[in-house]
Amino acid sequence: MIELQGLTKRFGEKVAVDHLTFTVRPGIVTGFLGPNGAGKSTTMRMMLGLDNPTAGDVRIDGKRYAELKEPLKEIGALLDAQAVHGGRTAYNHLLCLAQANRIPRSRVGEVLEAVGLTPVARKRPKGFSLGMGQRLGIAAALLGDPRILMFDEPVNGLDPEGIRWIRNLMQSLAAQGRTVFVSSHLMSEMALTAEHLVVIGQGKLLADTSMADFIARNSRSFVRVRTPEPERMRDVLAAAGIEARTAGDGSFEVTGSTAADLGELAARERLVLHELSPQQASLEEAFMGLTAQAVEYHAREAGEPPTPTAGAPVEQAPAWGEQWRREHGPERSGDGEGV
Ligand SMILES: Nc1ncnc2c1ncn2[C@@H]1O[C@H](COP(=O)(O)OP(=O)(O)OP(=O)(O)O)[C@@H](O)[C@H]1O
C-alpha cells in the first residue's frame, strides 16, 4: 500500500504537486492519469525518495522510503527506461543491481525469462529497441520480488504488441495481490488496464475513484435520432420537453429519453426515422472535453510562459479539468471519503 498525505512539491514559484492525498491499494492496478506536466513523475519520484517533498508525506507499507531496509524488495519501479548503463550486458546490469541489494543471482535469470529477454541476456542494452529497453527496466523493477510496483508511462512509444504485453503483466502482478501503480496521459489505455483511477491536473487531485464509477459518471449516454424531417423533429422534441442537440452530421443527440420512448413518440407523430440508436460516448471523449482547457495551457507552456514577479498574482489559464473540478470537486469513491 502507498499512502500520500498532503504531498506537495514546489520548484521555485512552480507548484508541481499540490497537496495530494490518496492511497494506492494492493490487489488492483491503479492508474495515475493526467496530461503532460501534471506532476505525475514528480509525485512518483517523491514516492521513491528521489525528490524531497516541500510538504506532506509518503508511506510505503507504513514506512518512509528512507526507512526501508531493503527497498528493492519492497518497491520496484520503472521510471526512465532509457536510464540503463549501456556498456554492461543486460544480464550484468541486473546482476550488479542484485548484488548491491542482496538479491540472489538466480533471480536475474528468472526476471529475464519473465520479461522475455533471455535470448538477448548477453547483449548490451544500447542496441536495444525501445520495447526491449522497457522490458529490461521492468525486469529491474521485478528483481527484488517486491509487493509494490510502480511504472511511469510504461507504454510510451511501444507498438500494440508491447502495449498488450505490459497491460497483461500489470494485471497479473495485481492478481498476485501486489500493489500496482501506473502513470499515463492516455485515457484509452488506462481504461483497459486499471481498475482504480487517480487523476491529477496541474498537481491537484481531480479524481480518486474506481474505473467503473468514473466511466458511469463521465461517459455521456444518448440516443442518436436521424430523420429526413429535422425541423418537425425539433418541434416534436421541444413540445415533449425532451433535450436534444444537433450533431455535425444533422442527426439529433437526445439525452434523458430511451430509444423505445423516442420511437413511440415518432410513430405517434408519424415522423419518418432513418436512425434510432442508443450511444455511449467513450471515456476518451469525456477526457477530450476535460482536456480542452489543457490545450490552452499546453500552448502557453510550449510558447511564452508569463514570468511571475514575486508577490504578483499571475492570471493563470484554467488547469486541465478545472471546469470539472469546480462543478464536481475531486471525485472519490469506495470508502466514502470526501474532500
Ligand atoms: N526539477 C525541476 N525543476 C523545475 N521544474 C520542474 C522540475 N521537475 C518537474 N518540473 C515541473 O513540474 C511540473 C510537473 O512535471 P512532471 O514531470 O512531474 O509532470 P508529468 O505529469 O510527469 O508530465 P510528463 O508526462 O510530461 O512527464 C512541470 O511543469 C515541470 O516542468
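**Confidence.** I started with pLDDT, the predictor's confidence in each residue from 0 to 100: the protein chain averages 83, and 82% of the residues score at least 70. This is a predicted model, so I noted the rules: local features need pLDDT of at least 70, side-chain atom pairs count only at pLDDT 80 or more, and totals for chains, interfaces and linings use all residues. Residues are numbered from 1 along each chain as its sequence is written. The model scores are ipTM 0.95 and pTM 0.76.

Over residues 294–320 I found pLDDT under 50, with 25 contacts beyond four places in sequence (contact: C-beta atoms, placed from the backbone, within 7 Å). Residues 334–339 also stay under 50, with 6 such contacts. Where pLDDT is low, the coordinates should not be read in detail.

**Sheet.** Next I traced an open, antiparallel sheet of 4 strands, ordered β11-β12-β10-β13. Its edge strands, β11 (243–246) and β13 (275–280), each pair on one side only. Strands here are DSSP E runs of at least two residues, helices H or I runs of at least four, numbered from the N terminus; pairing takes at least two DSSP bridges. I counted 3 bridges between β10 (221–226) and β12 (252–255), and V223 has V254 of β12 as its bridge partner.

**Helix.** I then saw helix α9 (259–268) lying across β10, β12 and β13, at about 160° to β13. Axes are lines fitted to C-alpha atoms, for helices over the stretch in contact, with angles from 0 to 180 degrees between N-to-C directions.

Note on methods:
Contact = placed C-beta atoms within 7 Å.
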